[in-house]
Amino acid sequence: MIRSLLRSFDTALKLHAGSNTAPLHYSRRLLFSQYENRASPSRLTSSGTLGNNETDNDYVAYHQDRETGTKARVLLEALRERFRFTDAELQRIISDELVHRSYRGKSLTLTMDTLQLEGVSRRSFVEYPWLLSLDNKRLELKMQLIKSMDFEDINHFVPFLRLTVPRLRKLVGALNSERDAMPQRNRVYYISEKLQVSPDIVSKYLSKRLFILEMPFEMFEKNLQHMIDYNVSPINVLKDLWAFRYTPKSVQLRLERAKRAKKDKIMPWMVRCPEPILQRSLKLSLDELKVLGEFSSVVEYLAHRLGFSTSEAKAVMDKHPQVHTVRVTKIKEVFDYLLDEAKFSRFEVAQNPRILCHSLKTTKERMEELKSHGCRPSSLVILCRSRREYDKFLQTWISHERNPQSVSEG
């Protein structure tokens, strides 16, 4: 009985399948074609407009650079379009090592747009081209951290975007902890106000020496005040922040010693240099003051030794600008030798001020060598020439001394 039931059921299935084969295939084909029509992207007509299936507002162009990276040409065009950079500025950005290494692997234009929306300025992109190479996901986290601070302009803190997320989180936490302790809200603005320097310049240097933002405020405040009291240039303070790692008492002592030595320019390195170097520097300053005597500048001293007016002496020094960097103690030694021992006139020295920059030891050696061959140079020029040119002159003089007739005939 069961067998007969199974046989009749199987027969019924075969008859039903046979009668519905064609409609089933047709319905499947219709079903899949409907899904294909829905999934297929809209196409542009030959006139550049969209087909009947989609309106202009629905069409979104596909940018491959958003997926696989940015071509250099695409990046350049985007930079020109958004900021109107000059060719020199574009070259600076594109030639940055991180930008050059990153643009093929990710969309730098997307990062640029994100930063621009956050308020990052044209100047910041030129100053810090590496901003374009930042990872978008990490950039979001970094921007959230910086926004947690009370700032006037996002560009004041752009240099800190180069830090890792954990390092930036620690730094922002330290800055925010002092928010109520000072009217400037954080140390960046505090330093900016005390030194009278723009906050973005302060951040530029502090981002390389983060310990300044995390060291005890009392120690930092005292050292900064010492720098200001002893007239250390603000830009020199920012360029050499290592001096802040010393105790305020030792900082003040070093700066006071430099002041007593009449140093015309007190530098932060005087705080942190070894004692012998400081002693030598202070001794040189005292020696210079002794040489200058009643004269207030090297130009006045030079005018006195040459018998010229101050303006004439300055014109002599301007003929060879390196003279302005020579210590007055060396200038005195050169004058003493040339005018008193070698018996050159002040006009001969004035005609060739380069001699004041030349090694006095080499000058003496050459003068003695020429003197041994009976030669007194008619000009100081040969004493300043290169070794090859000097040797050539000496050999010419010696050959002329041995056979003056043949040389003169030649």
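In this predicted model, the axes of helix 9 (residues 136-147) and helix 10 (residues 165-176) approach within 10 Å and cross at roughly 5 degrees. Helix 9 and helix 10 are therefore roughly parallel to each other, because angles under 35 degrees count as roughly parallel. Helix 9 contributes Arg 138, Leu 141, Lys 142, Leu 145 and Ile 146 to the contact, and helix 10 contributes Val 165, Leu 168, Arg 169 and Val 172. Sorted by class, the contact of helix 9 with helix 10 holds 6 nonpolar and 3 charged residues and no polar ones.

**The chain as a whole**

The secondary structure comprises 26 helices and 0 strands. The chain has 410 residues, of which 39% count as buried. Among contacts in the chain with a separation of 6 or more, 63% involve residues 24 or more positions apart.

**Helix 18 against helix 21**

Two packed helices are described by the angle between their axes and the distance between the axes. For helix 18 (residues 275-292) and helix 21 (residues 328-341), the angle is about 50 degrees and the axes are 8 Å apart. That makes helix 18 oblique to helix 21. On the helix 18 side, the contact involves Asp 287, Glu 288, Val 291 and Leu 292; these meet Val 328, Thr 329 and Lys 332 of helix 21. The contact of helix 18 with helix 21 divides into 3 nonpolar, 1 polar and 3 charged residues.

In helix 20 (310-319), the residues Ala 313, Val 316 and Met 317 are buried. Viewed down the axis of helix 20, the buried residues fall within an arc of 95 degrees, so they line one face of the helix. An α-helix has 3.6 residues a turn, so residues three or four places apart point the same way. The cover over the buried residues of helix 20 includes helix 19 and helix 22 (346-351). Turned away from the buried side of helix 20 is a face that carries the exposed residues Ser 311 and Lys 319.

Ser 309 belongs to the loop between helix 19 (298-306) and helix 20. Its relative accessible area is 32%, so Ser 309 is partly exposed. The side chains of Ser 309 and Ser 311 are joined by a polar contact of 3.2 Å.

**A buried glutamine in a loop**

Gln 184 lies in the loop between helix 10 and helix 11 (187-195). With a relative accessible area of 11%, Gln 184 is buried, because buried means under 20% relative accessible area. Leaving aside residues up to four places away in sequence, Gln 184 touches Tyr 189, Tyr 190 and Glu 193. With Glu 193, the contact includes a polar one between the two side chains, at 2.9 Å.

Asn 231 and Lys 262 are described next. Asn 231 is in the loop between helix 14 (217-229) and helix 15, and its phi is near 60 degrees, a positive value in a residue other than glycine. Lys 262 is in the loop between helix 16 and helix 17 (269-272); phi of Lys 262 is likewise near 60 degrees and positive, in a residue other than glycine.

Lys 239 is part of helix 15 (residues 234-239). The C-alpha atoms of Lys 239 and Val 202 are 9.8 Å apart in space, although the two residues are 37 residues apart in sequence. Glu 256 is part of helix 16 (residues 248-260). A separation of 7.8 Å divides the C-alpha atoms of Glu 256 and Tyr 230, which are 26 residues apart along the chain.

| Residue | Relative accessible area | Class |
|---|---|---|
| Asn 231 | 67% | exposed |
| Lys 239 | 55% | exposed |
| Glu 256 | 22% | partly exposed |
| Lys 262 | 57% | exposed |

Exposed means over 50% relative accessible area, and partly exposed lies between that value and the 20% limit for buried residues. Glu 256, at 22%, is therefore partly exposed, whereas Lys 239, at 55%, is exposed.

Key: Residues numbered from 1 in each chain as written. Predicted model: local features only at pLDDT ≥ 70, side-chain atom pairs only at ≥ 80, totals over all residues. Heavy atoms only, no water. Helix = DSSP H or I, 4+ residues; strand = E, 2+ residues; numbered from the N terminus. Buried < 20%, exposed > 50% of the residue type's maximum accessible area, 1.4 Å probe, protein only. Polar contact = N/O pair within 3.5 Å; in protein donor to acceptor, adjacent residues only side chain to side chain. Axes fitted to C-alpha atoms, helices over the stretch in contact; angles between N-to-C directions. Parallel < 35°, antiparallel > 145°, perpendicular 65-115°, else oblique. Contact = heavy atoms within 4.5 Å. Nonpolar A, V, L, I, M, F, W, Y, C, P; charged D, E, K, R; others polar. Arc of directions from axis to C-beta.
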